[in-house]
Every structure is written in C-alpha cells, then in structure tokens.
Amino acid sequence: MQVIHEDPELGGHDRPDLGGPEPGPVFGRLFDAHAAQLRRYLARRVGAEPANDLVAETFLVALRRRESYRPELGTARSWLYGIATNLLRHHVRSELRGLQATARLARTGEASHGGHDGRVAERVDAQARAAQLAGALARLSPADRDTLLLVSWAGLEPAEVAEALGIPPGTVRSRLHRIRRWLRTTAPAQEEVQDLA
C-alpha cells in the first residue's frame, strides 16, 4: 500500500497529479514549495546566477515532461531534484574547472596585504580550507559528487536521493559509506569536508 505524505503547500500531498489539463496552479504550488530550496542547493554547486537559470530550466523541463511524473515512484520534490541534477550535469565541466581553480588559488597562499593582520590570517585559513574542500570535491566522480551534495547541501534523505537519481536506495547508502570513508582518510583534519559526510 502506497503511503502519501502530507504537504500543505501542495494542496494535501507531495505526490500531486501533474497530468491534468490545467497544470498552472499545481506547478505554481510546486514552485512555491520547492524553488527556494532548489535554488540554494544549485547556488552552492554553481553560483547564484547559474542557479537561477537552472531553477527556471528545471521547472520548464518539469512542465514539458509532466506526463512522465509517476507519483507512485517518488515525491514531486525528488523528481524536481532529479531533473535539476540532470541539468546540472551539463555544468559539471565548468564546476570542476572552478573547483580546481579554487584549489590552485588557495594553494598559492595568495592573500590581500591590506587590512588588519587578523583578517589576513583568517583569509589565508579560509583559503586553505577552501582548497582542501574544493580539491576533495573535484576528485569525486560526478555520481559520487551528486550523491554527496544532494544529501549534504540539498538536505535530501538517501531515499530521496535514490528517487532523484533513479538508482536503488542501497546504491546511495553504499556510495555515501564509501565517500565518507574516503573523505576521512583523504582529509582527516578538514572540518568542512567532514561536515559534508
């Protein structure tokens, strides 16, 4: 028996019927319920400007493909994150270039010489932490990076990640276990990296 979870933002459930003749009101409620969280997640991945574009594109794709949504297979939230993740994959190359550039910049130890000594020291510390975090994320496979960031930055539960990526929940759990083990051995002193896991 399928359990329908209540979501007051979506008119009583988080598995709405998207196939009706007038999708506007349902998509308006979906947008209101999920766009801000989706934007925050995407902004952490690719920055604010591309995130806005990706959110808009996610809802356009969802509207065009609304007939493909199957409530029995997952929530509307996880379906939207799945669409967004697929769109985000088109940005992986620039995301990787950005992470690698951040890691290179932070490793050079460049710091502004103007300002208070304490701010300079904090900036150098932040650059070192950013280098370690960016370097660790850049070394993950796209599938592992998507899995980790959907859990840590988007706040999805492993079952939702499985729905979003179209993979079995056991695969998500094994990926997370492997990623956490790898992060502990790769960057044991890095709090931000450990917080991701």
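Visitor: Where is L87 found?
Guide: L87 sits in helix α3. A helix is a DSSP run of H or I with at least four residues, a strand a run of E with at least two, both numbered from the N terminus. This is a predicted model, with residues numbered from 1 along each chain as its sequence is written; local features need pLDDT of at least 70, side-chain atom pairs count only at pLDDT 80 or more, and totals for chains, interfaces and linings use all residues.

Visitor: Why is L87 called buried?
Guide: Buried means under 20% relative accessible area, exposed over 50%, and partly exposed in between, with a 1.4 Å probe and protein chains only. L87 has 12%, so L87 is buried.

Visitor: What does L87 touch beyond residues up to four places away in sequence?
Guide: L87 touches L54, E57, T58 and V61. Contact means heavy atoms within 4.5 Å. E57 lies 30 residues from L87 along the chain, with 8.1 Å between their C-alpha atoms.

Visitor: What makes the crossing of α1 past α3 right-handed?
Guide: A crossing is right-handed if the near helix is turned clockwise from the far one by less than a right angle, left-handed if anticlockwise. α1 passes α3 in the right-handed sense. The axes of α1 (residues 24-46) and α3 (residues 76-89) come within 11 Å and cross at roughly 35°. Axes are lines fitted to C-alpha atoms, for helices over the stretch in contact; angles run from 0 to 180 degrees between N-to-C directions.

Visitor: Which residues of α1 and α3 meet?
Guide: From α1, L30, H34, Q37, L38, Y41, L42, R45 and V46. From α3, A76, R77, L80, Y81, A84 and L88. The residues of this contact divide into 10 nonpolar, two polar and two charged. Ala, Val, Leu, Ile, Met, Phe, Trp, Tyr, Cys and Pro count as nonpolar, Asp, Glu, Lys and Arg as charged, the others, Gly among them, as polar.

Visitor: How do you know that the buried residues of α8 are on the same side?
Guide: The buried residues are V172, R175, L176, I179 and L183. They cover an arc of only 100° around the axis, which puts them on the same side of α8. The arc is that of the directions from the helix axis to the C-beta atoms. On the other side, R173 and T185 are exposed.

Visitor: What makes α6 mostly covered?
Guide: Eight of its 11 residues are buried. Among them are D144, R145 and D146.

Note on methods
Side-chain values use heavy atoms; hydrogens and water are left out.
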